[in-house]
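Trainee: Could you take me through the aromatic side chains of this model, and then through the charged contacts around them, with the reasoning laid out?

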Amino acid sequence: MGTVHAPWMAAPGTRAVIDALTANGADVRFVGGCVRDALLGWESRDIDIGTPDPPGRVLALLKDASIETRTVPRGIAHGTVTALAGSDRFEITTLRRDERTDGRHAEVAFTDDWREDAARRDFTSNAMSAAPDGTLYDYFGGQADLGAGRVRFVGDPTTRIAEDHLRILRFFRFHAWYGKGEPDAEALAACNAAAHTIPTLSGERVQAEMLKLLAAPDPLPAIETMRETSVLAQLLPDTPRTDHLARLIAIEGDVGEADSIRRLAVLLADAAGAHDVATRWRLASADATRLADLCAPPAPVSPDLDRPGQRRRLYRLGPALFRDLVLLAWAKEAQGENETAWRAMLETAAAWEEPALPVTGADVLACGVEAGPAVGRLLFAVEAWWKDRDFAPDRADALAKLKELAAAGRPE
Ligand code: ATP
Ligand code: MG
């Protein structure tokens, strides 16, 4: 039997939680993604712990050790308690088996059998567990699959997908992150055959899987395979431009960072597509707004913009959206023919400090204009004049202009 070690296993927060959970001698283990990632030497954000103790006892043990806990409404019924130790979070789940499933929900029963708990997990590399001393339990050959880049269902793919249709998306998500080469043929066929069930999944679950998939270092092969099977058509309204995605990924690797929403945007055709996906996937409102702006820019960016034109766009869009739009426009060029211009624009954005209009409403009132809509109109006119002069006029110039406009607007 192998062993696995990771820095977080020995961290004080982890030790405190493990000590609390084992105070009465329970056999607890780390489970799922943290074990898989530890074998790869990757960091883990969430640490999942399995225990044969039911959730009530888990809560009592943590309370005895003065460890803060959280439970969510259905958490206790599902056997999950969250422990907070310092800045670390631990999800503690009672070992379980799925009793009844309908493709979207599972009724679970608690068990004290580790193998049973492993058998209800989706993929072999997600079904490993590790004792606090690092002893690895690998019931289905997960370590070998992980090493070979094989994402393989525990059991028969068709059956496992019928139990929970989300596993179709999870298959592609894990393939994007951990797969090498061709995906498992039997699993692919099962995904293909069940693709029509995807619309029955809740938007939140689809969103979580798809945004994680798109955040993979290179999601392109997985996305291509999803297009070839009929899976992607169940998720996106338009025929996706995977060639654009390929270039965006390359550009991000060169000048930026991976970004799921930006990658999603390059796969969509227009504002209607963005709205469709934001609604269907129940995107958070900030993500939905950003996606809409990326698919239907409030103002276009073009490689022909001169420097003052770029600054006007930056002022209008803000540097983050400007940068996103440059990356997207660049990705959509067949040959990257304007690479030099795009790079220069990204530099302009990085150096951008938003200028402040050097006059305010108080200055307008001081010119003798009465409070009311005229104040806003005058400020707007001064701002337009100031932008047209590349934001150069200082306060004295802007005050003079304001006085001139106020005098011109005043009735005789
Ligand atoms: P990540 O690091 O992205 O969170 P993870 O492996 O922790 O990866 P989660 O979605 O957080 O993935 O799920 C935790 C574990 O729970 C998985 O490793 C797997 O064992 C199990 N699991 C989660 N969802 C399912 C599912 N739909 N069907 C079967 N097992 C699942
Ligand atoms: Mg997780």
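Mentor: In this predicted model, a search of the whole structure finds 14 aromatic pairs. One of them joins Phe-171 and Phe-172, whose ring centres are 5.4 Å apart and whose planes stand at 80°, so the pair is edge-to-face, given that planes over 60 degrees apart are classed in that way. Phe-171 is buried, with a relative accessible area of 0%, and Phe-172, at 1%, is buried as well. Both residues belong to one aromatic cluster, which is formed by Trp-42, Phe-123, Phe-153, Phe-171, Phe-172, Phe-174, Trp-177 and Tyr-178.

Turning to charges, Arg-29 lies over the face of Trp-114, at 4.2 Å from the ring centre, and its charged end also sits over the ring of Tyr-137, 3.4 Å from the centre of that ring.

The structure holds 34 salt bridges, among them the one in which the side chains of Arg-170 and Asp-122 meet, at 2.5 Å from N to O. This pair links distant parts of the chain, since Arg-170 belongs to helix α8 (residues 166-178) while Asp-122 lies in the loop between α5 (114-119) and β8 (129-130), 48 residues apart. Asp-122 has a relative accessible area of 7% and is therefore buried, the limit being under 20%.

Another salt bridge is formed by Asp-145 and Arg-152, with their closest N and O atoms 2.7 Å apart; here Asp-145 counts as buried at 2% relative accessibility, whereas Arg-152, at 30%, counts as partly exposed.

Note on methods: Residues are numbered from 1 along each chain as its sequence is written. Chains are lettered from A and ligands numbered from 1 in the order in which they are written. This is a predicted model: local features need pLDDT of at least 70, side-chain atom pairs count only at pLDDT 80 or more; totals for chains, interfaces and linings use all residues. Side-chain values use heavy atoms; hydrogens and water are left out. Rings of Phe, Tyr and Trp (its six-membered ring) pair if their centres lie within 6.5 Å; planes under 30 degrees apart count as stacked, over 60 as edge-to-face and the rest as tilted. Buried means under 20% relative accessible area, exposed over 50%, partly exposed in between (1.4 Å probe, protein chains only). A charge sits over a ring if NZ of Lys or CZ of Arg is within 6 Å of the ring centre and within 35 degrees of the ring normal. A salt bridge is a side-chain nitrogen of Lys or Arg within 4 Å of a carboxyl oxygen of Asp or Glu. Helices (H or I, at least four residues) and strands (E, at least two) are DSSP runs, numbered from the N terminus.
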